[in-house]
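Subject: Structure handover

Hello,

Here is the structure we discussed, for your own work. My notes follow it.

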Amino acid sequence: MYIKCCGFKEKSDIETAVKYQADSIGFITFPKSKRYVTVEEISTLSKDIDDKVDKVAIVVNPTIKDIEALVESTSINTIQFHGDETVDFIENVKIKYPNIKIFKALPANDSLEDNIQLFKAQVDLFLIDTPSKDYGGTGKSYDWSILEHIEDVPYLIAGGLDLEKIQQIEKRELSNIGYDISSGIETEGKKDNSKIKTLLTQLKG
């Protein structure tokens, strides 16, 4: 099971997540997010993370210069596109940085299957999130039955997840390879080391 823990701002929280076997650590570069961090902060926070852990920069409608700054100034190895990026833009990033993994977040709506087909040649892993005009970060879940027909493509389920909800999803036997968690490892809007440890121990232990 692949577990992405997202929205980190403090080194101690990252260390806890890595210690308890998170597969990837996410940094949010979208200024409207309450979990926003700058390129300089990502550089500091990402530099000591073990190489076996994916270091993910979440971007929303970036320019190519934004991507250049992240790739060339930090230790990230993955870009997660979370906005309205085009296939052509993502393809250009892949050509420019062939060693960078590409994640793409898609809203769980009526266009989901069409969007998967549109992007799948360019994308290493999809994240299927709660629809939002603010590009995710709602802390809310959606009706997971929309995922029942999604097969033959790697994806994570996102959107207001905590351990209890993940246990509910696991009973559905969907084809997701894992989960993306942010609010479910927080207390009052801040990462909670105890919740990080408990969740990862249950899911990865």
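Is Asp54 buried or exposed? Asp54 counts as buried, because its relative accessibility is 7% and the limit for buried is under 20%. Please keep in mind that this is a predicted model.

Salt bridges

Asp54 takes part in a salt bridge with Lys101, with an N to O distance of 2.7 Å. The two residues come from distant parts of the chain, 47 residues apart: Lys101 belongs to strand β5 (residues 101–107) and Asp54 to strand β3 (residues 54–59). Lys101 is partly exposed, at 33% relative accessibility.

In total, the structure has 10 salt bridges. One of them pairs Asp23 with Lys204, whose closest N and O atoms are 2.8 Å apart. Asp23 sits in the loop between α1 (11–19) and β2 (24–28) and Lys204 in helix α7 (residues 193–204), so this pair ties together parts 181 residues apart in sequence.

Arg35 and Glu186 form another, again with 2.8 Å between the closest N and O atoms. Here the link runs from the loop between β2 and α2 (39–46), which holds Arg35, to strand β9 (residues 186–187), which holds Glu186; the two are 151 residues apart. Arg35 and Glu186 are both buried. Through shared partners, salt bridges join Arg35, Glu186 and Lys191 into one network.

Cysteines

The disulfide count is 0. The cysteine sulfur closest to that of Cys5 is in Cys6, 8.9 Å away, which is too far for a bond because a disulfide needs the sulfur atoms within 2.5 Å. Cys5 is buried, with a relative accessible area of 0%. Cys6 is buried as well, at 6%.

Backbone and loops

Most residues other than glycine have a negative phi.

- Asp152 has a positive phi, near 65°. Asp152 is placed in the loop between β6 (125–129) and β7 (155–157), and is exposed at 78% relative accessibility.
- Glu173 also has a positive phi, near 55°. Glu173 is placed in the loop between α6 (163–170) and β8 (178–181), and is exposed with a relative accessible area of 73%.

Thr130 is found in the loop between β6 and β7. Thr130 is buried, at 10% relative accessibility. A polar atom of the Thr130 side chain lies 2.5 Å from the backbone oxygen of Lys140.

Regards

Technical notes:
Residues numbered from 1 in each chain as written. Predicted model: local features only at pLDDT ≥ 70, side-chain atom pairs only at ≥ 80, totals over all residues. Heavy atoms only, no water. Helix = DSSP H or I, 4+ residues; strand = E, 2+ residues; numbered from the N terminus. Buried < 20%, exposed > 50% of the residue type's maximum accessible area, 1.4 Å probe, protein only. Polar contact = N/O pair within 3.5 Å; in protein donor to acceptor, adjacent residues only side chain to side chain. Salt bridge = Lys/Arg side-chain N within 4 Å of Asp/Glu carboxyl O.
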